[in-house]
Amino acid sequence: MRDRLLLFAGRTAQALGRLRYDVEPLFAADSRLRIVYALIPGSRFGSGAAGFADRNGIDLLPWDDAAALGPDLIVTSSPDPCLYEAGAPVVSLPHGAGHNRLRPELSGVSGLSPEQIRGPRGEVPDFLALPGPAAARRLAVDCPEALPHAEVCGDLCFERLRAGVAHRSAYREALGVAPGRRLVVLSSTWDRSALSSRSRTLPERLLDELPMDEFALAYLPHPNDELADAPRPTGFLHPHLANGLIMVPPDEGWRAALVAADCLIGDHGSVTFFGAAIGVPTLLAAFGFAHMPPELPLARFGRSAPRFDHAAPAAPQLRRSIADGALAFDFSEALAEPEPGPSARLSAVVHGLLGSTPLKLVAPQPIPVPAMVPEHGRATSWRFSPRPDGSWDRYPVSVPAGSSDRREGHLVADLATRDGRLKAAANVLLHHRDAVGDAAVVARRILAEFPVCRVASVAERSASTAAAVIATRDGRLLRVRAERGQLDLIPSVLLSLLDEQSTDPVGVGTAEAIEHLQGRFEPAPTVRAVEEEA
């Protein structure tokens with residue numbers, strides 16, 4: 001068989017992403033096939049498609065240039081009448097979670113409407129891969145002449161998400177979610193009814209309300225939000241991204257974030273629907289019913305899924321949602337799971353239209369371990385808030401004079417904090433990113449440089465354990481050896497003890513402070529007064 005040219009055609013970054021990550025791996029190892037990408041014209045977000053191509057090393061051709069190459073087969077996730085100009089068979093598949101959306105210029109739902117899938121001479125795709133029975137029923141209404149060429153195959157992305165569950169722990173580790181923490185994913189689609197339009201400040205509110213040792217927050221905005229004139233999420237959320245808010249690049253990382261999630265807050269977007277379908281407990285914070293037929297699965301999902309109450313505290317709602325577990329909703333109407341699955345079916349269809357035989361059985365491409373956006377950094381500043389029972393919570397503080405200042409407790413900042421105003425206002429300052437040789441000298445220097453600081457803790461080099469020297473404003477020096485996760489907490493527990501005893505004329509003795517610190521952690525840290533070691 002001579003080499004065959006496969007043309008992958010999409011109009012937006014999202015459509016190209018479906019082809020790149022879900023489809024191309026099924027054929028990339030076949031040396032008989034050459035894959036070329038083309039940009040279908042007509043989207044005002046074409047710059048996003050160009051950016052996607054640059055990030056992924058794709059030579060993205062204009063449609064006319066690609067069609068002139070004489071492709072043997074076109075695979076698209078953006079159905080369009082222009083596709084028939086190339087004179088090649090056309091395979092069409094969705095780029096979202098099914099076909100649910102209405103658009104003013106279309107007579108049917110997006111992806112199945114005759115204005116999209118029918119050619120100028122009445123052509124229809126040689127094969128329409130439908131994700132579920134609901135799409136087949138809708139196709140019979142919107143473009144019945146295409147129904148003989150359609151098949152319910154399931155969804156390639158959903159198949160990959162299902163397979164990715166086996167690697168959930170690796171995704172959580174890559175996202176910095178420690179064991180015992182709960183990952184909350186906040187997802188938004190892109191339109192006037194979307195979560196990001198209805199409640200743009202929800203990411204900041206959740207960061208302000210959720211204890212950071214119990215919850216981690218990831219935000220998955222729609223890629224189009226980054227293409228808008230303003231405000232862009234990586235712009236207005238930059239201080240929060242630098243202080244622990246999780247955000248992944250828009251192309252592929254969202255899949256891993258969904259698999260890693262313990263709870264999802266979303267809207268009518270495909271990411272929310274996919275997350276709920278793989279069993280992630282889900283709350284809806286917005287929903288655009290006006291843009292979908294009421295009988296379709298997405299609309300029924302919107303009517304049945306529990307709501308996120310914007311007027312109520314967030315943490316209890318999330319704990320309750322996690323305890324309740326996956327939604328009792330039948331997703332199979334929208335996302336069927338036939339055997340063989342969509343990867344095997346699509347491979348067989350493509351090779352059948354090319355008159356070839358697959359080289360081997362295909363499997364869905366594993367979801368890779370996610371990366372973070374460049375703006376991301378781990379938390380370096382927070383409010384330490386003691387509870388009456390002696391435990392504590394921490395809340396990230398990314399900008400000065402945030403609403404978390406209303407809480408009891410004190411501000412903590414590592415010297416790695418980028419905002420100097422936070423360091424100047426902190427009662428506890430940490431030098432924990434890089435260990436130093438003479439930690440006591442550095443700790444005293446910090447107290448001299450920052451007059452608001454009352455406790456300074458500096459990591460010192462240790463061959464075996466995490467170690468630090470803690471200096472207090474009243475002249476004490478303590479050397480601590482502890483679990484690495486305890487080092488950021490011990491200085492705050494010490495300051496809380498000093499505050500509790502501030503009205504006692506005797507005050508807190510060093511021995512009492514050491515005993516207190518050793519009794520508050522398991523395993524107990526080793527704490528010694530520096531004078532005792534001399």
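Is the crossing of H19 and H20 left-handed or right-handed? The crossing of these two helices is right-handed. A crossing gets the label left-handed if the near helix is turned anticlockwise from the far one by less than a right angle, and right-handed if clockwise.

## Before we start

This is a predicted model, so local features need pLDDT of at least 70 and side-chain atom pairs count only at pLDDT 80 or more, while totals for chains, interfaces and linings use all residues. Residues are numbered from 1 along each chain as its sequence is written, and side-chain values use heavy atoms, with hydrogens and water left out.

## The big picture

The chain has 21 helices and 19 strands. Both are DSSP runs numbered from the N terminus: helices are H or I with at least four residues, strands are E with at least two. Along the principal axes, the C-alpha atoms fill a box of roughly 95 × 45 × 40 Å.

Of the 534 residues in the chain, 57% are buried. Here "buried" means under 20% relative accessible area, "exposed" means over 50%, and "partly exposed" is in between (1.4 Å probe, protein chains only). Now take the contacts with a separation of 6 or more: 64% of them come from residues 24 or more positions apart. A contact means heavy atoms within 4.5 Å.

## Two covered strands

In S1, seven of the seven residues are buried. Arg4, Leu6, Phe8 and Gly10 point one way from S1, and Leu5, Leu7 and Ala9 point the other way. S1 pairs with strand S2 (residues 33-39) in the parallel sense over seven bridges, and Phe8 has Tyr37 as its bridge partner in S2. Two strands count as paired if DSSP finds at least two bridges between them.

Strand S9 (residues 215-220) is mostly covered too, with six of its six residues buried. Phe215, Leu217 and Tyr219 face one way, while Ala216, Ala218 and Leu220 face the other. Strand S8 (residues 182-187) runs parallel to S9, and the two pair over six bridges. One of the links is Leu183, whose bridge partner in S9 is Ala216.

## An open sheet of eight strands

Further along there is an open sheet with the order S13-S12-S14-S15-S16-S17-S18-S19 and mixed pairing. Strand S13 (392-396) and strand S19 (526-529) stand at the edges with a single partner strand each, so one side of each has no neighbour in the sheet. From one strand to the next, the twist averages 25°.

How do the strands hold on to each other? Strands of a sheet pair through backbone hydrogen bonds, either parallel or antiparallel. Strand S15 (residues 428-436) and strand S16 (residues 455-460) pair in the parallel sense over five bridges. In that pair, Val428 has Val455 in S16 as its bridge partner.

Helix H20 (residues 510-519) lies across strand S18 (477-482) and S19, running at about 170° to S19. Angles run from 0 to 180 degrees between N-to-C directions, and axes are lines fitted to C-alpha atoms, for helices over the stretch in contact.

Helix H19 (residues 490-500) packs with H20 at an angle of about 130°, and their axes are 10 Å apart. That makes H19 oblique to H20. For these labels, angles under 35 degrees count as roughly parallel, over 145 as roughly antiparallel, 65 to 115 as roughly perpendicular and the rest as oblique. At the meeting place, Ile490, Val493, Leu494 and Leu497 in H19 touch Ala513, His516 and Leu517 in H20.

## Salt bridges

How many salt bridges does a search of the whole structure find? It finds 29. A salt bridge is a side-chain nitrogen of Lys or Arg within 4 Å of a carboxyl oxygen of Asp or Glu. One of them joins Arg11 and Asp80, with the closest N and O atoms 2.4 Å apart. This pair links distant parts of the chain, 69 residues apart: Arg11 is in the loop between S1 and H1, and Asp80 is in the loop between S4 and S5. Arg11 counts as buried at 18% relative accessibility, and Asp80 is buried at 17%.

Asp155 and Arg18 also meet in a salt bridge (3.4 Å, N to O). Asp155 lies in the loop between S7 and H6 and Arg18 in H1, so the pair ties together parts that are 137 residues apart in sequence. Both Asp155 and Arg18 are buried.

Another salt bridge joins Asp419 and Arg421, at 2.8 Å between the closest N and O atoms. Asp419 is buried at 16% relative accessibility, whereas Arg421 is exposed at 56%. Elsewhere, salt bridges that share partners join Arg18, Asp22, Asp155, Arg160, Glu252 and Arg255 into one network.
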